[in-house]
Amino acid sequence: MSAPALETDAVTVEIDGRRIIDAVSFTARAGEVHALIGPNGAGKSTLLGVIAGDQAASAGGVRINGLPLEEVSLRELARQRAVLLQDHTVFFGFTVRQVVEMGRAPWARTSQEDDDDSLVTAALSAADVRHLEHRRIPSLSGGERARAAFARVLAQNTGILLLDEPTAALDLGHQEAVLQVARDRARAGHAVVVVLHDLTLAAAWSDRITLLEQGRVVASGTPDEVLTAERISAVYRHPVEVIRHPSSDALLVVPVRRAG
Ligand code: ADP
Ligand code: MG
């Protein structure tokens with residue numbers, strides 16, 4: 001089997017003496033959508049930052065395509081992985097198309113540069129923002145802005161896609177569309193790591209799920225293995241039922257609510 005696209009070995013992150021990520025070993029493989037789930041503050045964004053090479057680890061190692069991260073140049077890193085941050089407010093002043101074109105910067109002066117225009121247009125279409133391409137970012141709704149940011153990481157055309165809550169601001173149709181694009185990328189041989197809060201969405205669209213709680217991995221495996229009612233109720237401190245859709249057999253995670 002080829003080397004995992006991304007691998008952490010007992011990664012720990014301490015900030016101001018607080019352990020935010022605690023000895024996390026995590027593997028993402030090409031061909032798979034891997035969801036990171038867990039309550040607010042569990043360390044999902046921090047772990048994504050570590051595997052992206054944006055956040056330094058206090059201990060442990062990260063490998064990207066088999067190479068220790070510290071041996072990969074920033075330029076090379078930008079050709080291997082694209083990152084959609086949870087907070088994408090940095091593009092004020094630019095048009096949607098300009099933001100998406102920024103995703104092509106790592107490929108300047110390479111043979112891939114010839115594909116810039118077609119990849120930018122394809123990314124705009126895939127994120128359903130082509131009709132907004134000449135609009136400036138501040139004039140967009142929150143969901144439209146999130147889709148423009150998604151289009152930028154698609155245009156980067158990397159083998160590894162790291163997405164932090166890409167669906168948080170989106171309506172139901174666009175949530176499905178974004179995760180369909182993510183799955184298509186995985187089926188084309190890319191590795192996708194995606195932070196999700198909606199556990200039914202995670203069950204539907206991911207091949208593997210890693211559940212974090214207070215900086216530690218509580219469970220990692222297929223959706224069936226990870227999403228048990230007992231475990232989810234305990235970690236999220238709220239009772240849930242995990243049921244199966246009567247015809248599609250899809251896993252549904254449903255909060256238990258008091259009557260009245
Ligand atoms: P998640 O994405 O799972 O909601 P984060 O990875 O953003 O969680 O944060 C995990 C924990 O680490 C939180 O308690 C957060 O407040 C804390 N944290 C994250 N970044 C910093 C930082 N730069 N300084 C101090 N605390 C931080
Ligand atoms: Mg987060």
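Predicted model: local features only at pLDDT ≥ 70, side-chain atom pairs only at ≥ 80, totals over all residues.
Reader: What makes the pair aspartate 22 and arginine 216 a salt bridge?

Author: The closest N and O atoms of aspartate 22 and arginine 216 are 2.9 Å apart. A salt bridge requires a side-chain nitrogen of Lys or Arg within 4 Å of a carboxyl oxygen of Asp or Glu, so the pair qualifies. Aspartate 22 belongs to strand β2 (residues 18–28) and arginine 216 to strand β10 (residues 216–221), and the two are 194 residues apart.

Reader: Why is aspartate 22 called buried, and what is arginine 216 called?

Author: Aspartate 22 has 16% relative accessibility. Buried means under 20%, and therefore aspartate 22 counts as buried. Arginine 216 has 47% relative accessibility and counts as partly exposed, because that class lies between the limits of 20% and 50%.

Reader: Which residues are linked with this pair in a network of salt bridges?

Author: The network of salt bridges links Glu14, Arg19, Asp22 and Arg216. Across the whole structure, a search finds 12 salt bridges.

Reader: How do you know that aspartate 207 and arginine 187 form a salt bridge?

Author: Their side chains meet at 3.0 Å, N to O, and the cut-off is 4 Å, so the contact is counted. The pair links distant parts of the chain, 20 residues apart: aspartate 207 is in the loop between α7 (199–205) and β9 (208–213), and arginine 187 is in helix α6 (residues 172–187). Aspartate 207, with a relative accessible area of 23%, is partly exposed, and arginine 187 is also partly exposed, at 49%.

Reader: What does the salt bridge between aspartate 224 and arginine 244 tie together?

Author: The N to O distance in this salt bridge is 3.0 Å. Aspartate 224 lies in helix α8 (residues 223–226) and arginine 244 in strand β11 (residues 240–244), so parts 20 residues apart in sequence are tied together. The relative accessible area is 47% for aspartate 224, which is partly exposed, and 39% for arginine 244, which is partly exposed.

Reader: What makes the contact between lysine 44 and ligand 1 a polar one?

Author: A polar side-chain atom of lysine 44 lies 2.7 Å from an oxygen atom of ligand 1. A polar contact is a pair of N or O atoms within 3.5 Å, so this pair meets the criterion. An N or O atom in the side chain of serine 45 is 2.9 Å from an oxygen atom of the ligand, and for threonine 46 the corresponding distance is 2.5 Å. The protein buries 61% of the 560 Å² that ligand 1 exposes when taken alone.

Reader: Which element gives the most to the shell around ligand 1?

Author: Helix α1 gives the most, with 3 residues. Both β2 and α1 (44–52) supply at least two residues each. The shell divides into 4 nonpolar, 5 polar and 2 charged residues; among its members are Ile15, Arg18, Pro39 and Gly43.

Reader: Why are Ser45 and Gln86 called donors of the magnesium ion?

Author: The atoms concerned are OG of Ser45 and OE1 of Gln86, at 2.1 to 2.4 Å from the ion, ligand 2. Donors must lie within 2.8 Å of such a metal, so both atoms qualify. Serine 45 lies in helix α1 and glutamine 86 in the loop between β6 (81–84) and α3 (96–102), so the pair ties together parts 41 residues apart in sequence. Serine 45 is partly exposed at 33% relative accessible area, and glutamine 86 is partly exposed at 41%.

How values were computed
Residues numbered from 1 in each chain as written. Chains lettered and ligands numbered in written order. Heavy atoms only, no water. Helix = DSSP H or I, 4+ residues; strand = E, 2+ residues; numbered from the N terminus. Buried < 20%, exposed > 50% of the residue type's maximum accessible area, 1.4 Å probe, protein only. Near = heavy atom within 4 Å. Polar contact = N/O pair within 3.5 Å; in protein donor to acceptor, adjacent residues only side chain to side chain. Areas by Shrake-Rupley, 256 points an atom, 1.4 Å probe, with all protein chains shown as cover. Nonpolar A, V, L, I, M, F, W, Y, C, P; charged D, E, K, R; others polar. Donors = N, O, S within 2.8 Å, 3.2 Å for Na, K, Ca; no water.
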